[in-house]
Amino acid sequence: MLSSYERMEGLICATLTPFSEDATKVNPAAIPTYARYLTRNGISGVFINGTTGEFHQMTCQERLQIQSAWLTPEIKQLFKYLIVHIGSPVWAELEELGRNARSLGATAVAVTLPSYKCLAPKTEEEIVQYLAGISAALPDLPLLLYNIEGSTPPHLHNNLHALISDASKRVNTLRGIKYTSGQLVDAYAIYKEPGAVDVALGCDEMVLPARAMGFRAFIGCTYNIYSDAFNQVLASVDGGRLGEARVLFDRLFDGTLAMGRTGNMVAVLKHRTSSLLAQQGGSPLGPTRSPCGTPAIQHIHFTQLVASMNDSDLLNSS
């Protein structure tokens with residue numbers, strides 16, 4: 001029987017995966033302090049082992065360790081939503097990750113499509129059949145499609161309305177989509193359809209216009225450091241103070257773009273989130289894994305970047 005599903009709302013943080021100092025091992029012991037930091041800063045849920053979590057650089061056993069650490073009773077009580085990304089080109093791994101998430105009480109699972117295009121589903125029908133197979137394998141767990149460039153076929157990345165409309169009728173457990181694109185026309189077409197699946201926008205740079213259009217849920221990586229400020233933007237929009245919202249959002253927009261221009265946004269966020277955690281006695285999250293640069297190179301480059309950004313007043317403070 002399909003477990004109950006509550007539609008997403010608020011800021012859901014795409015979590016970083018803690019690694020050892022040399023990035024050779026995952027470090028799940030760092031997660032409890034990290035989780036408490038996120039909930040103190042207005043995060044309503046977590047999106048585990050996604051792109052920000054470097055799932056593509058982890059073994060299946062490492063992913064199981066990390067999702068298990070997030071799904072302890074202590075941490076589950078902190079968040080309304082605990083969504084585990086289980087996407088993998090290896091079907092047995094996908095099922096194992098899903099069964100583990102189900103047994104530990106995840107809110108939902110999400111899947112990217114296999115990214116190696118020669119062997120990935122390409123047409124709308126193939127994608128619906130792929131999702132239906134996951135639904136059949138995990139019939140009691142709500143499923144989200146994770147739409148992101150490099151995984152979703154290029155001709156569908158910004159054009160998913162028809163596919164989702166069809167899949168929602170044929171995939172029994174499909175309940176939502178993480179829409180990681182700035183194409184609000186397509187995202188809104190999905191969002192406004194009567195009886196539609198849930199839509200969480202995954203493009204941090206579009207939070208203000210998306211909120212004005214009615215979107216209620218946002219899954220993003222910059223909420224690791226900017227969640228308090230983004231929540232202020234949402235409150236201002238909801239209160240009809242659009243001018244106030246725009247002043248703050250403009251700075252968040254610029255900060256997000258500046259980190260993205262480095263070509264390694266996850267490493268920047270790890271560096272900055274670790275600094276914020278250290279101020280509160282938390283454990284560092286470690287570097288990103290190769291080929292994203294050595295820890296020493298990352299530290300020098302990102303220290304220079306942070307010094308030039310002038311955004312210290314936007315950072316989470318608790």
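**Close-up 1. Secondary-structure elements lining the largest pocket of the predicted model.** Strands S5 (143–148), S6 (174–180) and S8 (217–220) each supply at least two residues of the lining. Helix H11 and helix H12 (265–278) likewise each supply at least two residues. The volume of the largest pocket is about 480 Å³. It is lined by 26 residues, of which Ile148, Thr180, Gly202, Cys221 and Met265 are the closest to its centre. By class, the lining comprises 11 nonpolar, 11 polar and four charged residues.

**Close-up 2. Packing of H11 against H12.** The two helices, which both contribute to the lining of the largest pocket, pack at an angle of about 115°, and their axes are 8 Å apart. On the H11 side the contact is made by Thr256, Met259 and Gly260. Met265, Val268, Leu269 and Arg272 make the contact on the H12 side. The contact of H11 with H12 has four nonpolar residues, two polar residues and one charged residue.

**Close-up 3. Packing of H10 against H11.** Helix H10 spans residues 223–238 and helix H11 spans residues 242–260. Their axes lie 8 Å apart, at an angle of about 150°. Angles over 145 degrees count as roughly antiparallel, and H10 and H11 are therefore roughly antiparallel to each other. Their crossing is left-handed. H10 contributes Ile225, Tyr226, Ala229, Phe230, Gln232, Val233, Ser236 and Val237 to the contact. These residues meet Leu242, Glu244, Ala245, Leu248, Phe249, Leu252, Gly255, Thr256 and Met259 in H11. Sorted by class, the contact of H10 with H11 has 12 nonpolar, four polar and one charged residues.

**Close-up 4. Packing of H5 against H7.** Helix H5 (residues 124–137) packs with helix H7 (residues 161–170) at an angle of about 35°, with axes 10 Å apart. The crossing of H5 and H7 is right-handed. From H5, the contact includes Glu124, Glu125, Ile127, Val128 and Gln129. From H7, Ala162, Leu163, Asp166, Ala167 and Arg170 take part. The contact of H5 with H7 has five nonpolar, one polar and four charged residues.

Technical notes
Residues numbered from 1 in each chain as written. Predicted model: local features only at pLDDT ≥ 70, side-chain atom pairs only at ≥ 80, totals over all residues. Heavy atoms only, no water. Axes fitted to C-alpha atoms, helices over the stretch in contact; angles between N-to-C directions. Helix = DSSP H or I, 4+ residues; strand = E, 2+ residues; numbered from the N terminus. Parallel < 35°, antiparallel > 145°, perpendicular 65-115°, else oblique. Left-handed = near helix turned anticlockwise from the far one by under 90°. Contact = heavy atoms within 4.5 Å. Nonpolar A, V, L, I, M, F, W, Y, C, P; charged D, E, K, R; others polar. 1 Å grid on protein atoms, 1.4 Å probe; cavity = no way out; pocket = protein on both sides within 12 Å on 5 of 7 lines; lining within 4 Å. Points joined across faces, edges and corners; volume = space filled by probe spheres on them.
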